[in-house]
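Biologist: Before we discuss any assignment, please show the structure under discussion. I shall then ask for the grounds of each term.

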Amino acid sequence: MKVFLKIFIFFLITTAFSQTEPQEFKNPILTGFHPDPSICRVGDDYYLVNSTFVWYPGIPIYHSKDLVNWKLIGHGIQRKEQLNFDGVIDKFGIFAPTIRYHNGMFYITSTCVECEGNFYITAKDPSGPWSDPVFLKDASGVDPSLFWDTDGKSYYIGTTRPETSEWLNQGEVWMQEIDLKKGKLFGERKVLTYGHANNASFPESPHIYKVNGKYVLLISEEGTEKNHAVTVHHSDSLWGPYVTDYVNPVMTHRHLGINYPVQAIGHADLVETQNGEWWSVVLGKRMIDGKFTLGRETFLAKVEFQDQTPIFNPEVGKVVLNQKRPDLPWSPVKENSTTDNFDKDELKADWSFIRTPQKEFYTLKNEKLCIKGLPETIDSLVNTSMLLKRIKDFNFLASTELNFKSKSPKEQAGLVIYRTNNTYYYFAKQKDKIVIIKKFKGEKEIVAEAPYAQKNVFLEVEGNGLEIQFKYGSSKEELKLLGEIQSLEVIADGNGNQFNGPGIGIYATGNGKQNSKPACYNSFTYKKLKK
Ligand code: 6LW
């Protein structure tokens, strides 16, 4: 009898698990602000990084066992001594990191644009700590990558503009040996390609792979907009000559037209699994009502080497939203709770600042996050008392319970929907009212306001495609709509919004003076709405 019971329980458990193990995965694998993906494998572990511009901590490190489920395990830039983004506009800062592993060490190369240029950082453990940046002063351009040849030599591959151009936006991919102990490039610098056509523009994100003893140079072209594309170039020897593949571009959505719902596919990196499959991470933008409100996201595509050509999603030829998943053990990661009750001594890993914080402005105590409300505002190009999470969904709800009272109308605290210092909504409590402030197209205006005298307030915003609505009240159950429904075009690409992505969070400021009393938040919720 007991044996039968055991068999029955075993059967129940195995069927329960097999039912939860999907055959397909959904794209994007990382939604919201996750551009310029780069990936590497160590044994059966995968690591992925993205650009972060002036968001801090910078360069998230994600880990996965199955290429579909990713867990944030750390950041490459997470000590304020590493990089300072003061004065750097939102679309600059950390561009296009590449992650690689060699001889027991992880390397990330990246560029701090309009700050200190190209650098690399190293770590034995990918979750950190990562080293201070080693700057390569004589490495011009962006999108650096590293390659180790089978003889153990290390190479730096970069992209820049040639001294004289033969066509519009001509660029070049160049390579030089690098001494990673001394932090120096040395030897001859050579151009490997200008792109696959005699009018190719913005050759970017170069990566070299050795496949079947030959060298494959994968790059992107045409910038990160509608004509973005991935091209490949081949050589029998590392220094070239690199010959363009007849299939080029090997991946793009440019030929699908501007109404195709996933645009700007490009900026790829390849990885070979422990089972011999090849996959690519690649960036793309999902469109909603003709706009891009989530920024650039990370997608996954199957790759098959046919002869020497990497064929992306064979027989399909484009990125798809549902696809047979990699032949790897399904390894879901525990999802973060949608509500942060501020019950830990430290901020949870998915919070970010804009620019490196120079002053301590918050405390976590008695299950409250209290913010001092610095004199600096989000209009200035320095850190201010604001904490953000990525907006990852077209339909979302964010809410908070806030305790804040001030006699001065300059002192504010509330929720913020942020893309740049010139494009945001601020849903704030000030003196004796609640206001919605909008900054867009060079103008800052109050779009709605209502009297409100109590200290405690619930604030809630709901995003539905291109629309956003703002609600407030003294109890969660009785929230009132403030003003008209507003447009999320404010945080969409265009109108000064470029490269980075949107965030949502909490923000307090004294607009020139520090707030007399802290603003205390009891909780913050961000959740996807099923529509
Ligand atoms: C990045 C470039 C790009 O350096 O956008 O999509 C730039 N490609 O490679 C900024 O993210």
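Biologist: What makes the contact between the side chains of K65 and D45 a salt bridge?

Modeller: This is a predicted model, in which local features need pLDDT of at least 70 and side-chain atom pairs count only at pLDDT 80 or more, while totals for chains, interfaces and linings use all residues. Residues are numbered from 1 along each chain as its sequence is written, and side-chain values use heavy atoms, with hydrogens and water left out. A salt bridge requires a side-chain nitrogen of Lys or Arg within 4 Å of a carboxyl oxygen of Asp or Glu. The N to O distance between K65 and D45 is 2.9 Å, so the pair meets that definition. K65 lies in the loop between strand 5 (58-64) and strand 6 (71-77) and D45 in strand 3 (residues 45-49), so the bridge ties together parts that are 20 residues apart in sequence. Strands here are DSSP runs of E with at least two residues, and helices are runs of H or I with at least four, numbered from the N terminus.

Biologist: Why is D45 called buried, and why is K65 called partly exposed?

Modeller: Buried means under 20% relative accessible area, exposed means over 50%, and partly exposed lies in between (1.4 Å probe, protein chains only). D45 has 18% and therefore counts as buried. K65 has 30% and is therefore partly exposed.

Biologist: How do you know that K214 and D236 form a salt bridge?

Modeller: Their closest N and O atoms are 3.6 Å apart. K214 lies in strand 16 (residues 214-221) and D236 in the loop between strand 17 and strand 18, so this pair ties together parts that are 22 residues apart in sequence. K214, at 36% relative accessibility, is partly exposed, whereas D236, at 61%, is exposed.

Biologist: Which parts does the salt bridge between K359 and E376 tie together?

Modeller: The side chains of K359 and E376 meet at 2.9 Å, N to O. K359 lies in the loop between strand 26 (353-354) and strand 27, and E376 in the loop between strand 28 and strand 29 (386-390), so the parts joined are 17 residues apart in sequence. Salt bridges that share partners also join E225, K285, R419 and D493 into one network. The whole structure holds 23 salt bridges.

Biologist: What makes K405, K407, K455 and K517 a patch of positive charge?

Modeller: Patches are made of residues with over 30% relative accessible area and no salt bridge, with like charges joined within 9 Å and nonpolar side chains (Val, Leu, Ile, Met, Phe, Trp, Tyr) within 5 Å. Lys and Arg count as positive, and Asp and Glu as negative. These four residues gather in such a patch on the surface. K517 belongs to the loop between strand 38 (503-509) and strand 39 (519-528). At 54% relative accessibility, K517 is therefore exposed.

Biologist: Where does a cis peptide bond join G240 to its partner?

Modeller: The bond joins G240 and P241, with omega about 5°. P241 is placed in the loop between strand 17 (229-235) and strand 18 (243-244). A cis peptide bond also joins N248 and P249, with omega about -5°.

Methods
Accessible areas come from the Shrake-Rupley method with a 1.4 Å probe; for residues, only the protein chains shown count as cover. The place of a charge is taken as NZ of Lys, CZ of Arg, CG of Asp or CD of Glu.
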